[in-house]
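Subject: Model for your review

Hello,

Here is the model you asked about, with notes on the sheet and on the helices packed around it. Please look at the structure first and read the notes after.

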Amino acid sequence: MKKIGVLTTGGDAPGMNVAIRAVVRTALGMGLEVTGIEKGFLGLYDRLFLELNSRSVSGIINKGGTFLKTARFPEFRDKKVRTQAYENLKHVDIEGLAVIGGDGSAKGAYSFSVDFDFPVVLLPASIDNDLYGTDFTIGFDTAVNTAVNAVDKIRDTATSHERTFIIEVMGREKGNFAIEVAVACGAEIAVIPEVPMDWSKIAEILKQQSALGKTSSIIILAEGAGRADDLASFLQEKLPDRQIRYSVLGYIQRGGNPTYYTRVLATRFGSAAVHLLISNQYPFMVGVTGNNLTYTPLQKVVSTSKLPDLEHIDLIKKMAI
């Protein structure tokens with residue numbers, strides 16, 4: 001193998017730049033050429049290629065986002081689109097691909113590798129931490145810390161004014177992110193898609209907590225489990241004597257300088273991905289279990305769901321007394 005490509009695709013996550021840097025510098029150190037592919041799978045199709053050297057990735061280890069850009073490209077599900085992307089790679093002699101992305105990226109990477117028997121390795125990068133085969137994904141630690149920092153500030157107001165705050169965080173389909181934020185910031189209630197909760201039950205829990213002397217509360221709501229404004233309106237009607245407020249954290253959760261842990265994880269993943277490619281081991285996903293790197297077949301990754309730690313639901317309840 002003489003030349004590999006690297007791309008970032010799907011939702012951006014802090015640490016993607018770190019992973020690109022690790023792929024590029026590991027590959028260059030082993031005598032490979034590296035091509036950056038802008039805008040993810042869309043760039044594969046549109047031939048948005050640029051040659052990378054060590055200086056191309058200087059000064060990016062502390063920056064969020066991805067300098068290669070990313071884009072949603074659902075058309076990649078079409079075999080004809082993937083075929084054109086494969087022809088584009090062959091045209092510039094790219095022989096292997098490091099894909100940095102989340103759940104949707106894993107599916108696209110797996111399909112592409114299987115279709116053309118092409119070497120592909122996935123570096124899991126997602127603030128949701130919802131990929132099977134790894135304890136942590138690139139960006140998750142940073143995003144959780146960003147959300148917790150915001151919730152801590154909101155709690156100051158909640159406590160001062162004796163208010164209940166509903167804070168909507170990311171998580172359209174899974175509550176992995178919301179659960180960890182809830183535990184870390186000491187939320188009284190967490191609402192996630194995997195554990196449906198009748199909103200009347202939430203009102204009853206708030207009444208019980210009030211009886212225990214709590215004068216303010218934090219509710220963490222995954223966006224896939226409902227809208228913060230709707231829940232606030234419902235609770236205000238049920239509990240007219242309480243001050244109910246809400247906040248939607250939105251895209252601030254995706255941005256910011258990657259944390260120490262995210263940087264180390266992304267660097268380890270990037271270097272390991274290159275070693276897998278040159279040893280002709282594919283399609284795999286690089287992951288981590290404990291402090292050990294793991295290599296999970298992409299077929300297993302895309303066919304297995306990673307549930308949030310539901311024991312944390314009970315932990316949140318214990319801490320809310």
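For the helix angles below, axes are lines fitted to C-alpha atoms over the stretch in contact, and angles run from 0 to 180 degrees between N-to-C directions. The model is predicted.

Helix 3 (residues 79-91) packs against helix 4 (residues 103-116) at an angle of about 70 degrees, and their axes are 10 Å apart. Angles from 65 to 115 degrees count as roughly perpendicular, so helix 3 and helix 4 are roughly perpendicular to each other. From helix 3, K79, R82, T83, A85, Y86 and L89 meet S111, F112, D115 and F116 of helix 4. Of the residues in this contact, five are nonpolar, two polar and three charged.

Strand 10 (residues 284-289) pairs with strand 11 (residues 292-297) in the antiparallel sense over six bridges, and F284 stands opposite P297. These two strands form a hairpin with two residues between them, where G290 in the turn has a positive phi of about 65 degrees. Strand 10 also runs parallel to strand 5 (residues 120-124), joined by two bridges; here F284 is the bridge partner of V121.

Regards

How values were computed. Residues numbered from 1 in each chain as written. Predicted model: local features only at pLDDT ≥ 70, side-chain atom pairs only at ≥ 80, totals over all residues. Heavy atoms only, no water. Helix = DSSP H or I, 4+ residues; strand = E, 2+ residues; numbered from the N terminus. Parallel < 35°, antiparallel > 145°, perpendicular 65-115°, else oblique. Contact = heavy atoms within 4.5 Å. Nonpolar A, V, L, I, M, F, W, Y, C, P; charged D, E, K, R; others polar. Pairing = 2+ DSSP bridges.
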